[in-house]
Amino acid sequence: MAEKKPGGGSGGGTTVTGGTINVYFHVINQGSGVSNGDITAQMITDQMTVLNNAYRAWGWQFNLVSTTRTTNSTWFNTCDTTSVETAMKTALRQGTADDLNLYTCNPGGGLLGWATFPSWYAGNPTDDGVVMLYSSVPGGSAAPYNLGDTATHEIGHWMGLYHTFQGGCAKTGDEVSDTPSERSAAYGCPANRDTCNGTGVDPIHNFMDYTDDACMDHFTTGQDTRMDQMFSAYRLNK
């Protein structure tokens with residue numbers, strides 16, 4: 001649970017500027033071995049290290065509470081199907097709104113992962129969490145997306161962030177003032193890409209773009225503020 005810090009919000013309520021988030025890690029597989037989705041304990045440890053390194057500067061840390069392992073080939077290979085996702089999460093989800101449930105599986109359609117936003121929790125608590133491609137964890141086979149930043153990116157959504165290219169060149173698209181506007185998602189690591197005139201080069205190194213893991217390395221102060229606000233409003237003690 002995130003630590004509480006009395007804040008000066010307009011309503012005088014509790015706000016947080018950081019804390020420790022408990023993580024329930026759910027490994028879905030279709031059999032033994034990493035190639036079947038049964039990622040190792042070391043891979044999970046390395047993933048947690050990546051997350052903590054990415055969020056530490058902004059006051060957030062992640063504490064691995066438990067790991068579950070479920071052998072179910074249907075869940076593993078069709079976790080992107082709504083009915084399957086619902087069954088998986090109904091069976092496995094733990095904790096409350098301020099706890100993170102992280103599921104690894106093998107979604108189709110080239111999907112790396114997806115997440116629920118904080119404001120969705122009240123309407124469907126069971127659905128809350130992050131689902132991601134098992135081979136995107138550190139040491140996985142999904143190069144160039146195998147350094148662990150798929151989880152970093154998706155947890156950004158879970159904390160309330162939009163993509164840096166949300167809304168295209170309309171600067172208010174991602175609701176953050178200090179990320180340059182960006183017409184479309186960037187892939188690879190295209191130095192000096194500039195798709196919107198007058199706002200600065202595209203934020204290709206931001207965790208909320210679509211660039212390679214090795215290209216991503218930061219959030220912004222504005223993104224941190226938004227994460228704090230969204231967590232406080234929709235997750236803290238819910």
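Before we start, one term: helices and strands here are DSSP runs, numbered from the N terminus. And keep in mind that this is a predicted model.

Let's begin with a loop. Proline 144 sits between β7, residues 130-133, and α4, residues 149-158. The peptide bond from alanine 143 to proline 144 is cis, with omega near 5°. As background, most peptide bonds are trans, and most residues other than glycine have a negative phi.

Glutamate 175 is not a glycine, yet its phi is positive, about 65°. Its relative accessible area is 53%. The cut-off for exposed is over 50%, so glutamate 175 is exposed.

Next, go past α5. Asparagine 237 lies in the segment after that helix. Here too phi is positive, near 60°, in a residue other than glycine. How accessible is asparagine 237? The relative accessibility is 40%, so asparagine 237 counts as partly exposed.

Now the inside. In soluble globular proteins, nonpolar side chains tend to be buried together. In this model, the largest nonpolar core has 46 residues. Phe62, Ile155 and Trp158 have the most contacts inside that core. Which helix gives the largest share? Helix α1, residues 41-55, contributes six residues.

Take isoleucine 155 as the example. Leaving aside residues up to four places away in sequence, what does isoleucine 155 touch? The list is Leu51, Tyr55, Phe62, Leu100 and Val130. Phe62 is on that list, and Phe62 is also among the core residues with the most contacts.

Note on methods: Residues numbered from 1 in each chain as written. Predicted model: local features only at pLDDT ≥ 70, side-chain atom pairs only at ≥ 80, totals over all residues. Heavy atoms only, no water. Core = buried A, V, L, I, M, F, W, Y, C linked by side-chain atoms within 4.5 Å. Buried < 20%, exposed > 50% of the residue type's maximum accessible area, 1.4 Å probe, protein only. Helix = DSSP H or I, 4+ residues; strand = E, 2+ residues; numbered from the N terminus. Contact = heavy atoms within 4.5 Å.
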